[in-house]
Amino acid sequence: MLRCPSSKVRSYVVRQIGKRAASSETRAGGGAGIGNVHHQLFPTDDNSLFRHVAQPRTVSVIGAPMTYGQPFVGTDRGPELLRESGLLKDLSSLGWRVEDIPDLEFDAICAEAAKNSSTCSVSPNAKHSLQVGAGCSALADLVESKLRLGRFPLILGGDHSIGIGSLAGILRAKPTTGVIWVDAHADLNIPTVSESGNMHGMPLGLMIKELIADRSVIPGLEWMEDESKDGSGPPRLPPDSLVYVGLRDIDQAERRFIKQLGIKAFTMYDIDHLGIGRVMDLAVEHLMKNNPDRPLHLSYDIDAVDPVHAPATGTAVRGGLTWREAHFVAEYVVKTGSLASAEIVEVNHTLSDGDGANDTVELGHNLVNALCGESIL
């Protein structure tokens, strides 16, 4: 959905261009514009937050440098760039004990999986499924283990195909988890209907039984049909445990699935019409109404944010969340006290110039801070 170019919008764009120029001047060492004033981080004293995390609160930072789920190089450096931006220090300043886990060795894992491509069938419309499947299997095991220890998994992508592993691990450890998917895209495809075959567009479709009954038919995803350790069956996400926020670029089949399954979806139209505050009220109310004690997982694709603020991503679409709307989403979910895990994906520094790449990484860093308890007051 594209917002109409009203005089207010044109004025906003002019202001943003001016701000970007001021920011560039600051980086060059002059001026006192945006980016030259830094706020301090303080640990939260609200003990009702993160109630599903054991004390003392520990965040397990998991790097998932996946790039096989989409066609562009660069998403594999997302975890590295977020760490280099000072993320771990900020998490500590927010009062967390930080367990920094080395990035999953996706190069080795995926290379080994690719060796099997000559000895097994390859799904023609689930590109690189062997590599994606192997990487996500390793991620699922790690996420599950950290949740069972009472920690807060913070997953740094990588492209959004890592959602297959994140969700599998989360739902094995905490099957009642509600999921808030903040994204320009629905990621509800399955191989039989996908227009591209790119697996970063399939993580949710592959978790919903009504859309695909047997995932073992996809090479590399056989593990998804294994029983959970507690005997609760393979990990699945019921349609009523999912809420979308920020949709604006949806494939035809995904539109049909959302309507048929009754999935709660808030598009950019709804955000424009109702305001982000009311949208988040309704989103959380939907997930918590039948189980107010359930844990929540928030999956944040940076392309949910308007490319004015986050240009360095693979599938940027105009008309997205503003800078403040993007932060509000994270802040609001934290304030529920139910957030138990989170991920941020699709930061790709190669897809914008220097300023755009830096701005996108900085925004991703700031959103993670918000997801871990930073607040204005």
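Q: Which residues does A213 touch, not counting residues up to four places away in sequence?
A: Let's start with a note that this is a predicted model. A213 sits in the loop between β4 (178-182) and β5 (242-247). Leaving out residues up to four places away in sequence, the residues A213 touches are E225 and R236.

Q: Is A213 buried or exposed?
A: The relative accessible area of A213 is 57%. Exposed means over 50%, so A213, at 57%, counts as exposed.

Q: What distance separates the C-alpha atoms of A213 and E225?
A: E225 is one of the residues that A213 touches. Along the chain, A213 and E225 are 12 residues apart. Their C-alpha atoms are separated by 9.5 Å.

Q: How many nonpolar residues are in the contact of α4 with α5?
A: On the α4 side are F106, I109, C110, A113 and A114, and these meet L130, Q131, A134, G135 and A138 in α5. By class, the contact has no charged residues and two polar ones, and the nonpolar count is eight.

Q: What is the handedness of the crossing where α9 passes α10?
A: Helix α9 (residues 276-288) and helix α10 (residues 323-335) pack with axes 10 Å apart and at an angle of about 35°. I276, G277, M280, D281 and V284 of α9 meet E325, F328, V329, Y332 and V333 of α10. Their contact includes two charged residues. As for the crossing, it is right-handed.

Q: Which are the edge strands of the open sheet?
A: Eight strands, paired in parallel, follow the order β2-β1-β3-β8-β7-β4-β5-β6.

Q: Which residue of β8 is the bridge partner of I155?
A: Strand β3 (residues 152-157) runs parallel to strand β8 (residues 339-345), and three bridges join them. In β8, the partner of I155 is E343.

Q: Which strands does α9 touch as it packs on the sheet?
A: The direction of α9 makes about 165° with that of β5. The strands that α9 touches are β4, β5, β6 and β7 (296-301).

Technical notes:
Residues are numbered from 1 along each chain as its sequence is written. This is a predicted model: local features need pLDDT of at least 70, side-chain atom pairs count only at pLDDT 80 or more; totals for chains, interfaces and linings use all residues. Side-chain values use heavy atoms; hydrogens and water are left out. Helices (H or I, at least four residues) and strands (E, at least two) are DSSP runs, numbered from the N terminus. Buried means under 20% relative accessible area, exposed over 50%, partly exposed in between (1.4 Å probe, protein chains only). Contact means heavy atoms within 4.5 Å. Ala, Val, Leu, Ile, Met, Phe, Trp, Tyr, Cys and Pro count as nonpolar, Asp, Glu, Lys and Arg as charged, and the others, Gly among them, as polar. Axes are lines fitted to C-alpha atoms, for helices over the stretch in contact, and angles run from 0 to 180 degrees between N-to-C directions. A crossing is left-handed if the near helix is turned anticlockwise from the far one by less than a right angle, and right-handed if clockwise. Two strands pair if DSSP finds at least two bridges between them.
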